[in-house]
Each structure stands twice: as structure tokens, then as C-alpha cells.
Amino acid sequence: MPGFQTALANAAAACDAAAARASLAAERLGDAAFQTPVDPALLAAERQISDAAAASAQQLRTDPELLHAGRVVLHEGRTVPLVVPFGSRGHLATSVDARVEGVAALVRTAVLHAVATRDAGGLRVVGIDTATLGASFAPLRPLADAGVVELVATDSRAAADAVALAESQVAEHIAGRRTDRMLLVVASLGDAPKALVERIDALARSGLAHGVTVLGCGLPSLPQAAVMHAVGDRVEVTNPPAAPFGRGDRLAAPVAWPEAPDPSFVAGEAARLAERHKDAATLTFADLLPAAPEAGDPAKGLEVLIGRDAAGEVRLRFDDATPHWLVGGRTGGGKTVLLLDVLYGLASRYAPTDVALFLLDFKEGVSFTEFIPTERDPSFIPHARAVGVESDREYGLAVLKTLNEEMTRRSNVMKRYGVASFAGLRQHEAYPRIVCVADEFQVLLAGNDRVASEAVALLENLARKGRSYGVHLVLASQTISGIEALWAKKDSIFGQFPMRIALPGARTVLEPNNDAAARISLGQVVVNREGGTAGADRVARFPDTDPEAMHRLREQLGRAHAGVGAPRVFYGYRPVHLADALPGERKPGRALLGREVSLHLAAAGVDLDRRPGRHLAVLGSDPVGGEALEAAVEALAGNGTQVWGVDFTGHAILHPISYRISDSEFAAKLADVPDGTVVAAWGLDAAALDAKGQKALRDLLRTGPARGVHLLGWWRNFRRFTDDIGGTAGREDVACALVLNLPGGEIMGHFGTQFQHWSPRPGRALLVDRHADTAGGRLVVPFSRPENHTPGQRSGGSAPNDAATAERTRQ
Ligand SMILES: Nc1ncnc2c1ncn2[C@@H]1O[C@H](COP(=O)(O)OP(=O)(O)OP(=O)(O)O)[C@@H](O)[C@H]1O
């Protein structure tokens, strides 16, 4: 603007000279005589100003450092814009507040001008308007909705918050964390405490150099400001401190408040600027991903782009400073979308050999299906090692155990190389960083049982040591209880989670006095790297997911990493079938019964070898017991074992058996079972066994295994089972059991107190093998008959999703 400013300075000097001459003439001639003739030099200066202003009008409108704050009234009906330094060059104050219509017009003009003349996202506006309850800002509503006007304080408490926001802007600016500007508009302050006015004055003193401009209406003592004093219906303007108009202390010409702009113009302009801001502030999902997958170096940490805020791009890191993240948000607040933004971001920036994902979802829903192959879309994310959909708590526990074991393994390797950090380890071996996401993790910790206490201990260990071994946790929850479950361990666990990510309505992940999450809307997120401390927030916009971009990335990754198998998937709600067992899982003499609820989802069963006690009791009335027994028989018969069968239930499918024993001959046949034969019995609780029959049964149990004879019996009634085997005396004679719907309290007398917490549920069973490391019981999904599997059935279960996928699945 040098042309106009030079002209303005020259003309202002001419004005000063002319005005001095005029006042001398007035003194000599008296006021009456002065009214009529106007000094020609003054008129000439005014014309010069007017012409220069007209020529510079366009430039004036686009300069963020100058504000059109009213009109200078000249002779001959001429007016020119009153232009004052603004932005980083000066503040502006008025002697009266926005209850005066001209001042309200100034407020709106100033906000629109400041927003329009800076890049989208380059200016935040904070308002205080206690005397008119926000009416001065009402026409700017679209800017408030878009988040450009961050806050309009209408009471004294909120006014203090607004000032605090501006203060933190200065602090962030000084610390070099922000480069944008904030406009603090005090439209009206009412009877504000003196201390608050002093804080605003302090802001004005340091703000120009540090990112804050103040428009102080009704604050005529504001430092570093040109001040517009109302004198009747005209205004006198003091010299702006940084760029005086002329030699006196004020502009030597009267000024009028700005005219109220047409309301439709204000509304249209506010809407246009709001749209511009939204477009610029929101990246698309595709913007988060590089054009082609990259293979970044994970040694020092992992970084993803998740969106933008006023200060620019917002990137989140897993590193020594922010090793673990705590994510909160009310239901529907965008948690799943944010997690997908992060995880796809990781997958696009690092190779599967450098980042491994373990994804646990404890809620009913389908959060992580974007990572696994489905019938419709066989593509998957090769970084995903294990995915739990509607996971059991036991599955979550198995994953946490695996991660703890992995830390131990890494620790041993690190000792060998004499290094103490993950970065040091990477100099020798290419271990991946591990990111484990647990959505609705509070489910894992719910209750006061063994799973909860083990999970807390494992989480605590991971939280404390994970950073050194490149193992990172993301715990997400939509409820307060998710956080409270760990409250007792607050310091040891949450102290390790400096990164707090709060979506709308997620107060609990931030400090109690930090209400930033209450002020954001869907699509925005509060990122706080300082444990949720008030004032350390960044409010970013993050994009919704884009199925096409996600599919594209999966395909690109599939091509780039063709040899990598699909993740192991645990579907908490699916039944499992023997038909899906892999050839390697079927072994001679192994009775397969279901799948383990574990990271590897291995087929679970019992080996019928020659050791004493190698028999199996299926216990409980749940019909799936009969189906699991059918699977066991089919697996054995398929591998050449001779099976005799008896069915007291009338529902068993007996085709794999080689000889069917009739109900009535059962007791007698017990003594005649040939060597190397398995006897399968459905509904043994209904068998008519007299004392002789019972003795034959007990003899078979005691002596059978040595000659290859084993009993697989389903007792629907537990007491009948203990009677049949001879009570505690026969306990060791049946070493294996598949416990169905019998509560822990009922079975602990027989199996041991460690079973007291077993709570039966549909689709799950406890497999006990006294001879194996599963003596404490292992949670399994028992095999059911395939025809029972109807779509949407929720009987529980787990498996690699189909046989074809299972072939490609990691071992
Ligand atoms: N950044 C965003 N921009 C636009 N829409 C979004 C954004 N984030 C989420 N949404 C939309 O909000 C809805 C809820 O999002 P999301 O499923 O991520 O919520 P959630 O917190 O995971 O909810 P819940 O825990 O109940 O599943 C979805 O329809 C989603 O498309």
C-alpha cells in the first residue's frame, strides 16, 4: 500500500497545516467568520486524499494489516474511508461498546475483513459480548458454526475463558507452536472486573508480536490501539501508535461510524467464508494417504496425518513422548472413523514388516472388517496380524499375553546387543513396531474376576515398558466406566498415556477442568499431548472414511506384499465347524472338539494315547455337547480309528461309527470292547447301569487306555457323571472334560477351585485336560453341526473365516 499511505501521510500533513492556518484565522476573525470560507489548501489536500483513496480502494479491501473503520467526513460532501493499522500492526478501541449501532457495525466489518483477508484457517476469532448477549455476533453465525468464531462469551465466566484462550494463543505463539492469528473482539464487557480488563490490556501489549489482535469496544485505554472516541454522533480518532495520521494526537477531521452493511450482504459473506474455511480445514480421507504406499523408517517412531487445524496439518505420533493413546467419545462421535484414519494412515506409510497391527473390538459391531478378507472383497491390510470382531475377553487377554511375551523376547535380544531402546534394536534387527488397538476396552476389564485382574496387570506392564520395545497401545472407550475401571491403577497406567484424543462428548479423557470436548462437533477432535491438561489442546478436523480410497489402498498393498497372509480373525459371534479344520489340524488319535479362543485360534481337542485317564467327559445339557462329540468321532474315524457308538438321546448323527451299540446291550458290551476302539456315548446319564454295569464302566475307564480303548461320553447331568466314575476316587480316571453350561460353583468340587469363576455362556465351553497345560481349563468354541449355522445366528464361535482364507492365514 505505499502509494496510498504516502499520499495519506502527505495529505494528513497538509491537513494539519491547513487546519493550523484555519484555526489561526478563526482566532483572528471569530467563529462566525470562519464558517464560510474554507482554506483552498485544505480543500486541495482533501481532494488529494479522496483521489488516492479511490485509487487504492481495491488494495485496501485485501490488506489484513489495514481496517476500514468508518468514514472521514470531508468538505464538499466528500468522504473517504478511515483506514487504521490492524492485524499485526495495531489494535483498535472505541470509547463506547457495541450497544451503539455504529460500533456493532464496526465489529461485524472487522471480523469479516479479518477472516476474508487471511488464508482459510489462518485466523481464529474469539468474542466477548456480555452486554448484548452475543447479539453483535448474531449475523456472523455461519462463522461460529464453522469454528472460525470459536467462542462468543456472553457471561463473565465465559469472558474469562475467552481471555484465557487468547492468552494461550500468545503462549503457544511464543513457544513456536502456532503461527496463526487470533482476533479477540470485545464487543461489550458490561461491569467486568478490573482484573479482566488488565488481562486484556496485557494481551494488547504482547499480542501484536505474538498472534493476537484486539478490537476493544468500550475500552478506550487499550494499549497499542488507535482509539475512536464518540463525540456526539461523530467520532474523533486518536493517532494509531505505530503509524500516526499526522502531527497532532488525533486525525484532524471528523469521522462517522461505519454504516451498517446490508444484512443480506453480511449473511452471504459469513456463509461464503464459513464454506471456504470448512473446505480448507477438512482434508479428505484420500488426502491422508500418500499416492503410493510408502515404507517409512519406524526406528524413531510412527507418524500419521489425521487432519488439519488453524495452525496447519495435525499429525499424531507413536514414539517415546506419546507411546500410548487414550481415545474417548460418545457413541456416534466418530471414534471408529478416527481409528480407521489412523490405521489406514499407518498402513500406507510403513511396510507390514515394520508395523504390525493387533485389533480388538469388544463391542457388538463390525469396526475392523476393513482389515480382513470377506466374501465380497478378498482384499485385506497385510499389516494386521490379528483381528478380533466382537472379541471375547479371553481373546483380548490372549492378545495382551502375546504382546507381553513379545516384549520379553525383544528384551532378551536387546540385552544381547547391549541396546536399551527400540531404535537401538532396529540397528541390528528389523522388528516391527506393534500397535494394539482395543475398542471398548472397558469390557475386558469389567468385573472382578481372573480375566479382569490379569488384563489390568498385562496392560500395566505394556503401558510401562511398551515404549522401549516398540509396543504401543490405543485404548478407546465411549463410556466413563472404561476409564474408571483402571482408576485404581490410574497413575501407573494412565500416566503412560500422555496422548489424549477426545471426540465430541468425551470429557473423561481430558482433565476435569478441560471442557474442550464439549465445544466440538462431529468431524472435530481434541488432540492433547499433555495428559488432557486444559490449554494444551489442538482442535482438528478429520475426514470421514472413503470406502473407495480404502479399497484402493488394500489393493495396492496386496500387490506390493503378495506373499503376506491374511490376518487371523476371531469372530466372537460365529459358530465353528469341523469341516473348516485344516488337514494339519487332524491327527490320528486326536479327538477334535472346537477352536481355542486364543490368538492362533488353534483346533482344540484331546489326544487319546495310552496314558491312564485318557477319556473325555462332555458335561452339561447344552445340545452343542452332542454336536461336539459328533465332531470328535468324525475326526477320529476320518483318521482310521474304530469307533463304537451308543445314543441315549435319539438325536446323534452316527454315520462315522463302525458299530452301533443298542441302548439295551450297552452295559454288557462294555466288557467286550476290542483293543484300539473308541466308545462314543451320547446321553450317558440316561444309560441303565446296574452295579455290574457301573463296574464294567469303571474298569474300562481304568484299564482301557493301556490297550487303546477310550470313552468319549456326554453326560447331561453332572451328578450322574460323578456317580458313574465313582466320585472322587475315580477323578483321575477321566482326565479330560468339555464343560458346557455348568457354573463354576458346581464343578469346582470336582475340578478344583480355579474353576470358580467359570461362567457358562452360549457357544463357549471349557476344555480341561489334567495331563496338559490346559489343566486350568481353556476356553473353546465347540464345533457345531454345519446345518445349524444360519445367517445372523449368534450362538458364538470363532474361526479363520473360511477354509480358503484359512489356507492363506498366517501360522
Ligand atoms: N470426520 C467425520 N466427518 C464426517 N462424518 C463423520 C466423521 N466422523 C464420523 N462421521 C460419521 O459419524 C457417524 C458415526 O461415526 P463412527 O461410527 O466413527 O462413530 P463411533 O464413535 O465409532 O460410534 P460407535 O462407537 O457408536 O460405533 C458415521 O456415520 C460417520 O460417517
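In this predicted model, helix H11 is followed by Gly 418, a residue whose phi is positive, near 65°. The buried residues of H11 include a run from Arg 393 to Leu 400, namely Arg 393, Glu 394, Tyr 395, Gly 396, Leu 397, Ala 398, Val 399 and Leu 400. Further along H11, Leu 403, Arg 410 and Met 414 are buried as well.

The chain folds into 23 helices and 31 strands, and buried residues make up 50% of its 811 residues. Among contacts between residues at least 6 apart in sequence, 71% join residues at least 24 apart.

Which of the 15 residues around the ligand come nearest? They are Thr 331, Gly 334, Lys 335, Thr 336 and Gly 523. Sorted by class, the shell has 4 nonpolar, 9 polar and 2 charged residues. An unreviewed UniProt entry carries a "binding site" annotation that covers Gly 329, Arg 330, Thr 331, Gly 332, Gly 333, Gly 334, Lys 335 and Thr 336.

Two residues of this annotated stretch can be followed in more detail. Gly 333 is found in the loop between strand S13 (325–328) and helix H10 (335–349), while Lys 335 lies in helix H10. Is Gly 333 buried or exposed? Gly 333 counts as buried because 23 other C-beta atoms lie within 10 Å, and 20 or more are needed for that class. Lys 335 is likewise buried, because it has 24 C-beta neighbours inside 10 Å. Leaving aside residues up to four places away in sequence, Gly 333 touches Leu 503, Pro 504, Gly 505, Ala 506 and Leu 522.

Strands of a sheet pair through backbone hydrogen bonds, either parallel or antiparallel. Strand S6 (residues 181–188) is mostly covered, with 8 of its 8 residues buried. S6 pairs in the parallel sense with strand S4 (residues 123–129) over 7 bridges, and Arg 181 in S6 is the bridge partner of Leu 123. S6 also runs parallel to strand S7 (residues 212–217), joined by 5 bridges; here Val 186 stands opposite Gly 216 in S7.

An open sheet of 10 strands, with mixed pairing, has the order S23-S22-S31-S30-S29-S24-S28-S27-S25-S26. Its edge strands are S23 (603–607) and S26 (659–660), each of which pairs on one side only. Strand S22 (residues 590–596) and S23 are antiparallel, with 5 bridges between them, and Arg 590 stands opposite Asp 607 in S23.

A last stop is Pro 760, in the loop between helix H22 (744–751) and strand S30 (765–769). Pro 760 is partly exposed, because 17 other C-beta atoms lie within 10 Å, a count in between the 12 or fewer of an exposed residue and the 20 or more of a buried one. Pro 760 and Leu 740 are 20 residues apart in sequence, and their C-alpha atoms are 6.5 Å apart in space. Not counting residues up to four places away in sequence, Pro 760 touches Leu 740, Asn 741, Leu 742 and Pro 743.

Technical notes
Residues are numbered from 1 along each chain as its sequence is written. This is a predicted model: local features need pLDDT of at least 70, side-chain atom pairs count only at pLDDT 80 or more; totals for chains, interfaces and linings use all residues. A residue is near a molecule or strand if its C-beta atom, placed from the backbone, lies within 6 Å of it. Ala, Val, Leu, Ile, Met, Phe, Trp, Tyr, Cys and Pro count as nonpolar, Asp, Glu, Lys and Arg as charged, and the others, Gly among them, as polar. Helices (H or I, at least four residues) and strands (E, at least two) are DSSP runs, numbered from the N terminus. Two residues are in contact if their C-beta atoms, placed from the backbone, lie within 7 Å. Two strands pair if DSSP finds at least two bridges between them. UniProt positions are given in the numbering used here, feature names are shortened, and annotations may be inferred rather than shown by experiment.
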